[in-house]
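Dear colleague,

I am passing on the structure below, and my notes on it follow directly after. Please read them alongside the coordinates.

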Amino acid sequence: MRISDGDVVARRWRNGALLSAVAALLLTGCSAPEAAPTDEPAPITELTSSLPAATTAVDEVRWGLVEGEPRSLVPGADYNFVWPNICDSLLRVSPDFGIEPGLAERAEFVDPVTFVINLRQGVTFSDGSAVTPEDVVFSLERSRQDVMSPYFGAFVLVSTIEVTGENQVTVNFTAPDSIFREAMTGGPGAILSKTFSEQQGPALGTSAGEILCAGPYALESWTPGSDITLVANDGYWDGAPLVQKLVFSFIPDGTTLTNALLAGEIDGAFNVPPASRAAFEDSDEGRLIVGPSTASFSFGPTRTDGPGANPKIRQALSMAIDREQYIQTVLNGLGEAQSTFVAPFTWEGSEAASVYQAAYDALPEPAFDLEAARALVEESGEDPSVPIRIAIPAGSKELSQTAAIVQAAAQQIGLTVEIDERQAADFASLFLPDPAARESVDFLATAGYQETPGVLTYPQLFVLPPEIGGIFNWTAYADPEVVGAVQAARTTPDPVGAAEAYVAAQEIFAPELLQVTLAGAYHTTFLNNRLTGVVTSVASYSSPWALHLGGQ
């Protein structure tokens, strides 16, 4: 899975979701297309969220970033696997997508509109200076005051954030907010040093500057175009890491990364190329670990008119795509069919998991039916001779394959699809508020994940009006019953009550296919056999996944 510069947008998107949670594009490197495997790979029968904690110290571990070089180590300014080991959040996402204490010993609602954060006694930044309530207020206000922040949505119901004690911060709300506590497990809850950040200014967290946080590692060096080196924070509140140096090498080519992992030149990596699955599974150097994820591949409409805005065209294209074939072709078996754009792992740790799961199980599974798809095209009223344009970011093998599959499926039902491959800046422009940028395309193919628990954070981006959070509601979808239920879900403090409100909305909007979900993608990790201890689920995007890394 990959987060390339071409996928910048989906990063914001998902964090749009972490905003309510996160948008980043995932999956493998920028290598040239490879032939699909001739033998169907064995099905995945077990998913692993984490490996046993290490017991042996290691001087250095080299980690490959197929996502390429980060633009920033500031949470929210970029999505990468580096910052979660530098910057701790107030709460922590557990490998099974539950919620654990983090820098805050306790952080919870004491009444429906008052959230109290009690910091751990004696917690320090990696330079030994104390983490104070003022640092917490500063960090949270950075997102709350910046409407362009991908985390802004997490704070839309917040009225004030203030220091209320020696180790205490209180957040007051205009209405109950069922997603705020979950958001504090990721980037929205990450705490930076106020004094240090203000001194750094625009250079904060870039290759030209530094960053000071309270995670298990600290930034030692950043060599542009080459690597980032972190060193262990021996004063870390949750125990010093066993790995003294963690070196991140930028390897955006999937084939190059595969070869380096198999040769032992790189010790580990996430989102390894699905096409290399057989080589990884046969390796004597390391092993492939397949973990649960919230990631999915999809394509969605871009404007209020045209074929993409027509639900019958979306339904027809969905029915023309064989999901099992898609999973074998694009993900080499490292994924599963998904009935809507919110992955089941999202609610794994929720008190209302049974409510969400029952509603999900009641949704119809994606059907493959060319005859029914052709009938929908006839009923749509659209002119099938007018080409449908689908945009993808240049350099993403999986999204290139996705667009080709959509194109072939469309041809089978009498539609013509043209693929519009765009460089990073052009593709990113499609996600800007100005609809003019999207006038020339009908669909965007994307892949993204949600980095923190919470069901509501992602779908509200598509089903609500733009003025109240639906920043990707480009078709002007407007169902009063859905809007009311989604808003009720966010402002209902009781988890079961919030879940019941959400699933009522889901029953209405799911058939509309506001995003045509093609597959859920597993979280993949390749790790050298001498090592253990990493988080191997999607929680690695927002938790200190290398804290327990070390020797077997």
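Helices (H or I, at least four residues) and strands (E, at least two) are DSSP runs, numbered from the N terminus. The model is a predicted one, in which local features need pLDDT of at least 70 and side-chain atom pairs count only at pLDDT 80 or more, while totals for chains, interfaces and linings use all residues. Residues are numbered from 1 along each chain as its sequence is written, and side-chain values use heavy atoms, with hydrogens and water left out.

UniProt lists residues 99-429, in an unreviewed entry, as "domain: Solute-binding protein family", an annotation that may be inferred rather than shown by experiment. That span is 30% helix and 24% strand, and its end C-alpha atoms lie 35 Å apart.

Six strands form an open sheet with mixed pairing, in the order E14-E18-E13-E17-E15-E16, where two strands pair if DSSP finds at least two bridges between them. Strands E14 (335-336) and E16 (417-422) stand at the edges with a single partner strand each, so one side of each has no neighbour in the sheet. E16 pairs with strand E15 (residues 388-393) in the parallel sense over six bridges, and Val 417 in E16 is the bridge partner of Ile 388.

Best regards
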